[in-house]
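Reader: I want to know what the labels on this model rest on. Take me through them, please.

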There are 2 protein chains.
Amino acid sequence: MLALGTTRSCIRELFEYGLRQAAVVGKENVYDFSLGNPSIPAPAAVNESIVAILRERDSLSVHGYTPAAGAADARAAVAADLTERFGMTIRPENLFFTAGAAPALISVVRALAVEGAEVVSIAPFFPEYRPFVEANGAKFVVVPADTKGGFQIRLAELERCLTPHTQAVIVNSPNNPSGVIYTRETLQKLAAALKAAAVRFGHPIYIIADEPYRELAYDETEVPFLPAIYPDTVICYSYSKSLSLPGERIGYVCVPDCAADSAEVYAAMAGAARTLGHVCAPSLQQLTVARCAAVRPDLEAYDRNRTVLYDALTSYGYECAKPNGAFYMFVKAPGGDAQAFSDRAKAKNLLLVPGGDFGCPDFFRVSTCVSPEMIQRSLPVFRAVIEEMAAR
Amino acid sequence: MLALGTTRSCIRELFEYGLRQAAVVGKENVYDFSLGNPSIPAPAAVNESIVAILRERDSLSVHGYTPAAGAADARAAVAADLTERFGMTIRPENLFFTAGAAPALISVVRALAVEGAEVVSIAPFFPEYRPFVEANGAKFVVVPADTKGGFQIRLAELERCLTPHTQAVIVNSPNNPSGVIYTRETLQKLAAALKAAAVRFGHPIYIIADEPYRELAYDETEVPFLPAIYPDTVICYSYSKSLSLPGERIGYVCVPDCAADSAEVYAAMAGAARTLGHVCAPSLQQLTVARCAAVRPDLEAYDRNRTVLYDALTSYGYECAKPNGAFYMFVKAPGGDAQAFSDRAKAKNLLLVPGGDFGCPDFFRVSTCVSPEMIQRSLPVFRAVIEEMAAR
């Protein structure tokens with residue numbers, strides 16, 4: 001715990017370095033692409049709902065405890081929205097509201113973490129998965145990244161990672177850090193491989209679908225609904241990105257009826273949430289979600305950033321799988337060592353997260369949830385760094 | 001995890017039974033004293049602050065991530081308030097905002113849970129302490145209740161519970177379920193015993209001060225500030241009761257500078273919070289606390305309930321230590337078996353929580369955070385049950 005509390009994430013370190021540098025060289029001379037913090041405001045309906053709730057309802061019903069699983073109207077609204085969108089009946093009882101996707105994920109991992117359990121993650125992956133899994137009773141197993149195939153999934157490598165101890169595979173699509181969405185074909189192959197392994201090992205292997213970026217898809221790319229492809233799926237969702245509410249800590253777990261031992265998995269997840277000190281998710285935000293369950297973000301700003309950065313960077317010679325989701329690009333580091341490249345960029349106040357902690361030490365992450373104006377200012381610097389590398 | 005998710009707390013079961021019975025016999029014929037849910041609204045300053053924050057600040061700064069430890073202005077406001085009230089300098093850096101007291105407690109337990117660690121709790125205690133401790137790496141040790149001395153602390157019994165593995169003692173005053181506040185004298189004796197044991201065992205023993213009821217004290221009873229009596233104290237606080245915000249999940253850990261290895265304990269607690277999926281406490285509520293750190297509840301309604309119930313019940317022959325804090329009374333069960341007595345009361349739709357899970361199977365808890373009107377309706381039923389017992 002002390003190590004986890006003293007070792008900072010490299011993302012946070014870069015971000016805070018940027019704040020300090022801004023004080024020295026001026027904010028306009030720092031190009032910070034470190035954080036995955038939404039740069040578009042919450043849809044107007046969110047704050048309007050909050051004010052209306054405070055006006056219409058009495059204090060005790062707004063700020064009081066909800067049931068641990070969530071307020072009835074919030075669960076009903078989300079269940080109806082999911083059912084309508086994905087053609088599979090999701091009942092309010094399948095849902096359990098949580099303080100964001102992180103405790104959702106951890107509750108599911110804890111629920112599945114029998115003695116010797118292994119949880120598989122596919123590189124590149126969100127670095128916090130590692131402490132989430134390792135500090136909650138399971139072994140963290142990494143499938144090497146599909147760096148040559150545009151960050152889909154290397155199935156042969158994945159199959160080599162499956163053992164009789166495999167309890168779950170975390171699937172994060174749209175992906176942080178690659179911005180890539182797994183295709184329906186990729187997911188169908190994954191499903192077939194997991195199904196075969198589950199039969200072989202004689203117990204279910206769950207997909208934990210970590211979906212905070214579900215609504216952030218561009219070019220009308222499909223984000224397949226995983227339970228319809230692989231029934232033994234548990235969804236962890238967050239409104240952090242879709243409603244730009246990362247600080248408010250509101251999300252949910254969905255254990256669909258089709259999942260093996262659905263009721264038991266749900267109950268064990270609820271029990272695990274109890275051991276995390278979960279009493280109920282923040283109540284005012286639950287009531288807000290009840291009114292905003294069908295509100296979708298306006299993605300135009302993210303989409304424009306993505307296009308501008310992708311076009312510019314590839315024209316300078318950077319190599320990058322075109323992202324069609326989330327708000328990240330994952331770029332091959334010129335020279336092959338992302339830490340060295342990131343340090344070189346940092347010397348010019350261009351802050352890029354090296355991919356080591358994401359399981360890809362030769363790539364760096366560019367967050368595209370930034371101001372268009374900063375992107376414009378940063379382009380000459382991106383160009384200068386790669387030219388410098390080429391001239392070495 | 002499955003057991004924790006399927007075994008309901010007896011408090012929740014009673015509460016839900018009450019809701020079902022209300023549908024059958026009418027709401028006016030059910031007397032529900034089960035839940036510890038505030039019955040007074042949040043102070044007006046709370047909702048006024050929320051509306052002002054939404055009006056004055058932009059969406060990203062209201063709903064965005066704060067640092068994991070909390071927003072700078074929230075930490076500063078609380079530190080200033082604590083420093084002013086308790087004559088000990090509390091710096092913003094001593095504070096770590098959490099989603100209520102439960103994850104605060106669990107983070108501290110996880111931080112201290114070295115191999116073989118024991119955490120001591122003093123009966124009567126909040127039942128969730130047990131899963132909080134047992135599911136987070138430590139052994140749960142119970143000091144028997146001081147049922148004859150008005151629910152202070154039996155020091156000789158406590159000393160018998162201290163071993164070389166004792167890492168912490170949870171102190172909850174004002175107490176749930178007894179409503180009693182430990183006196184300065186009790187706490188000084190506790191401090192002396194722990195200090196001697198710490199010297200004997202060669203390592204600090206921490207007090208974890210669980211203080212959601214700190215502001216709920218009547219008759220001007222002192223609630224001593226524990227770090228001033230016993231330096232190795234870590235405070236877990238919640239605004240659930242003081243600002244009537246239980247659903248909003250906002251509280252903090254305070255590791256004062258005087259605590260042994262203060263910086264390391266703080267860092268390990270922060271690391272533990274990370275393993276619970278804590279990113280930041282709900283941001284809008286943090287900003288609200290920044291404006292309401294010095295707001296105190298109006299206790300008149302709770303105080304009146306307490307007096308009416310205490311006077312009536314003791315006049316009927318019930319035995320009860322007079323509560324001077326929180327919003328509970330802990331009453332000796334006529335006949336000696338609280339479960340049997342609770343069942344008998346339940347048959348008359350009078351819902352009282354038997355004390356077994358609190359570590360006192362011969363007492364029952366009466367929540368006094370209810371409507372005065374329900375109290376009046378309930379008094380003849382309280383009288384009838386004890387008379388029935390006497391007539392047996």
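Author: What follows goes from the pair of chains down to single peptide bonds.

Author: This is a predicted model, in which local features need pLDDT of at least 70, side-chain atom pairs count only at pLDDT 80 or more, and totals for chains, interfaces and linings use all residues. Residues are numbered from 1 along each chain as its sequence is written, while chains are lettered from A and ligands numbered from 1 in the order in which they are written.

Reader: How do you know that the same surface serves both copies?

Author: 100% of the contact residues of chain A recur in chain B. Two residues are in contact if their C-beta atoms, placed from the backbone, lie within 7 Å. By that test, 55 residues of chain A touch 55 residues of chain B.

Reader: Which element of chain A gives the most to the side that touches chain B?

Author: α11(A) does, with nine residues. Other elements that give two or more residues include α3 (44–56), α6 (101–112) and α12 (283–292) of chain A. Helices (H or I, at least four residues) and strands (E, at least two) are DSSP runs, numbered from the N terminus.

Reader: How do the residues on that side of chain A divide by class?

Author: There are 32 nonpolar, 17 polar and six charged. Ala, Val, Leu, Ile, Met, Phe, Trp, Tyr, Cys and Pro count as nonpolar; Asp, Glu, Lys and Arg as charged; the others, Gly among them, as polar.

Reader: Into which domains is chain A divided?

Author: Domain 1 is 2–42 + 298–391, and domain 2 is 45–292. Such bounds come from an automatic or database domain assignment. The domain centres in chain A, taken over C-alpha atoms, are 27 Å apart. At their boundary, 27 residues of domain 1 of chain A are in contact with 32 residues of domain 2 of chain A. On the domain 1 side, α13 (300–316) and β9 (328–332) of chain A each supply at least two residues. That side has 16 nonpolar, seven polar and four charged residues.

Reader: Why are β2 and β4 of chain A called edge strands?

Author: Two strands pair if DSSP finds at least two bridges between them. β2 (95–98) and β4 (139–143) of chain A each pair on one side only, so they are the edge strands. The open sheet has seven strands in the order β2-β8-β7-β6-β5-β3-β4 (chain A), with mixed pairing.

Reader: What makes β3 and β5 of chain A a pair?

Author: Four bridges join β3 (residues 118–122) to β5 (residues 166–171) of chain A, and the strands run parallel. The definition asks for at least two bridges, so they pair. V119(A) has A168(A) as its bridge partner in β5(A).

Reader: Which strands does α11(A) touch when it packs on the sheet?

Author: α11(A) touches β2, β7 and β8 of chain A, and its direction makes about 15 degrees with that of β2(A). Axes are lines fitted to C-alpha atoms, for helices over the stretch in contact, and angles run from 0 to 180 degrees between N-to-C directions.

Reader: Why is the crossing of α5(A) and α12(A) called left-handed?

Author: A crossing is left-handed if the near helix is turned anticlockwise from the far one by less than a right angle, and right-handed if clockwise. Helix α5 (residues 72–86) of chain A and α12(A) pack at about 35 degrees, with their axes 8 Å apart. The crossing is classed as left-handed. The contact residues include A74(A) and V78(A) of α5(A), and L287(A) and A290(A) of α12(A). By class, the contact has six nonpolar, one polar and one charged residues.

Reader: What is omega for the cis peptide bond that joins A123(B) and P124(B)?

Author: Omega is about -5 degrees. P124(B) is in the loop between β3 (118–122) and α7 (129–134) of chain B. Another cis bond joins N176(B) and P177(B), with omega about 25 degrees.

Reader: What makes R249(A) worth a look?

Author: R249(A) has a positive phi of about 60 degrees although it is not a glycine. Most residues other than glycine have a negative phi, and most peptide bonds are trans. R249(A) is in the loop between β7 and β8 of chain A.
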